[in-house]
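Subject: Structure handover

Hello,

Please find the structure below. My notes on what was found in it follow.

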Amino acid sequence: MNEGHHSFGRAGFGAVMGSKNLKAIVVKGHNRIVDVAQPEKYEELRKSINSTIKESLAAGLTGENGTAANLEVGMFAGDVPIRNFTSNFNEEMGDALGGSALADNYLTRRRACAYCSIACKRVVEVKDGPFNIPNGSGPEYETIVAFGSLMNSDDLAASCKAGRICNDFGMDTISAGVTIAWAMEAAEKGDLSITDLDSIDLKWSDLETVVEVILPKIAQRDGKLGNLLQLLCIKSGKTRSIIQRKVKAWKHPCMIPEVEVMV
Ligand code: SF4
């Protein structure tokens with residue numbers, strides 16, 4: 001984990017550390033004063049950049065609604081994938097999963113990386129229901145979409161909980177979510193047998209099964225399904241009907257590059 005709540009899962013760095021029994025890398029600075037050659041010019045430039053950022057619409061939206069602000073805007077641009085990339089528009093889903101819904105329902109605090117004036121980080125709490133989680137790190141755009149629209153779900157609390165569980169397991173939310181969404185489509189099309197699925201009824205939108213059964217199975221390589229999906233998080237999935245979208249060994253992020261987004 002980086003800063004206590006960012007999982008170092010993407011591209012498998014966390015897995016490499018785990019395989020080497022490396023638990024942590026600590027970076028500790030001892031010289032907190034950095035000499036600047038031209039302090040006045042530096043201060044002038046810093047103020048000018050900060051005021052440009054504050055006046056920017058994109059920075060304002062990102063600070064207000066986090067990176068999930070991209071979900072509401074991206075949905076209308078056709079840039080948000082749904083049902084394992086088989087669709088790219090659902091207005092109600094965009095509203096239910098977007099950054100303003102997160103702010104209205106679960107946000108308890110906005111946070112920033114050191115000295116950042118945008119503050120896109122979210123702190124959330126889900127008090128009730130099957131996806132309740134204590135106050136802590138909140139999901140970003142990719143996590144919300146990977147465990148939301150990509151699985152045909154509009155349950156924002158489920159995305160919050162799935163992200164937290166992936167953090168606990170040290171798993172990358174994009175790799176895990178994109179792989180599970182692929183398996184949902186493969187199950188629907190009959191490309192994964194009941195034996196492949198360990199007799200689990202894997203269906204679109206069933207986030208309770210994803211959170212309680214599938215994610216732990218992947219993390220522990222449990223059963224045929226756990227082994228298959230764990231492997232597919234790092235290799236490509238291909239069945240009779242569908243192939244998994246990926247870029248080299250990486251699972252495809254939750255956007256649709258065929259769509260040209262005008263800013
Ligand atoms: S520096 Fe951190 S808080 Fe600021 S925009 Fe980037 S990720 Fe968000």
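In which loop does A249 lie? A249 sits in the loop between β4 (246-247) and β5 (250-251). Helices (H or I, at least four residues) and strands (E, at least two) are DSSP runs, numbered from the N terminus.

Two remarks on conventions. Residues are numbered from 1 along each chain as its sequence is written. The model is predicted: local features need pLDDT of at least 70, side-chain atom pairs count only at pLDDT 80 or more, and totals for chains, interfaces and linings use all residues.

Overall picture

The protein chain has eleven helices and five strands. Its C-alpha trace spans about 70 × 45 × 40 Å along the principal axes. A compact globule of 263 residues would have a radius of gyration near 18 Å, and the 20 Å of the protein chain agrees with that. The radius is taken over C-alpha atoms, and the globule rule is 2.2 Å times the number of residues to the power 0.38.

Of the 263 residues, 37% count as buried. A residue is buried if 20 or more other C-beta atoms lie within 10 Å of its own, exposed if 12 or fewer, and partly exposed in between, with C-beta atoms placed from the backbone. Of the contacts between residues at least 6 apart in sequence, 67% join residues at least 24 apart. Two residues are in contact if their C-beta atoms, placed from the backbone, lie within 7 Å.

The ligand

The residues surrounding the ligand are A112, C113, C116, I118, A119, C120 and K121. A residue is near a molecule if its C-beta atom, placed from the backbone, lies within 6 Å of it. By class, this shell has six nonpolar, no polar and one charged residues. Ala, Val, Leu, Ile, Met, Phe, Trp, Tyr, Cys and Pro count as nonpolar, Asp, Glu, Lys and Arg as charged, and the others, Gly among them, as polar.

I118 and C120 from this shell are also among the contacts of T62. T62 belongs to helix α3 (residues 57-65) and is buried, because 20 other C-beta atoms lie within 10 Å. Leaving aside neighbours within four places in sequence, T62 also contacts T67 and A69.

Y141 lies in helix α7 (residues 141-146), and it is buried, with 25 other C-beta atoms within 10 Å. The C-alpha atoms of Y141 and T52 are 24 Å apart, although the two are 89 residues apart along the chain.

Helices α10 and α11

How do the axes of α10 and α11 cross? The axes of α10 (residues 207-220) and α11 (residues 223-232) come within 7 Å and cross at roughly 70 degrees, so the two helices are roughly perpendicular (65 to 115 degrees) to each other. The contact involves K217, I218 and Q220 of α10, and G223, L225, G226, L229 and Q230 of α11. By class, it has three nonpolar, four polar and one charged residues. Axes here are lines fitted to C-alpha atoms, for helices over the stretch in contact, and angles run from 0 to 180 degrees between N-to-C directions.

The buried residues of α11 are L225, L228, L229, Q230 and L232. They pack against α9 (173-188) and α10.

Loops

A249 counts as exposed because it has 12 C-beta neighbours inside 10 Å. Its C-alpha atom is 8.1 Å from that of A11, 238 residues away along the chain.

The loop between α4 (69-77) and α5 (91-97) holds R83 and also F85. Neither is a glycine, yet R83 has a positive phi of about 45 degrees and F85 one of about 65 degrees. R83 is partly exposed, with 19 C-beta neighbours inside 10 Å, and F85 is partly exposed with 19 other C-beta atoms within 10 Å.

R32 lies in the loop between α1 (13-19) and α2 (39-55). With 5 other C-beta atoms within 10 Å, R32 is exposed. R32 and T52 are 20 residues apart in sequence, and their C-alpha atoms are 27 Å apart.

Regards

Definitions and conventions:
Angles under 35 degrees count as roughly parallel, over 145 as roughly antiparallel, 65 to 115 as roughly perpendicular and the rest as oblique.
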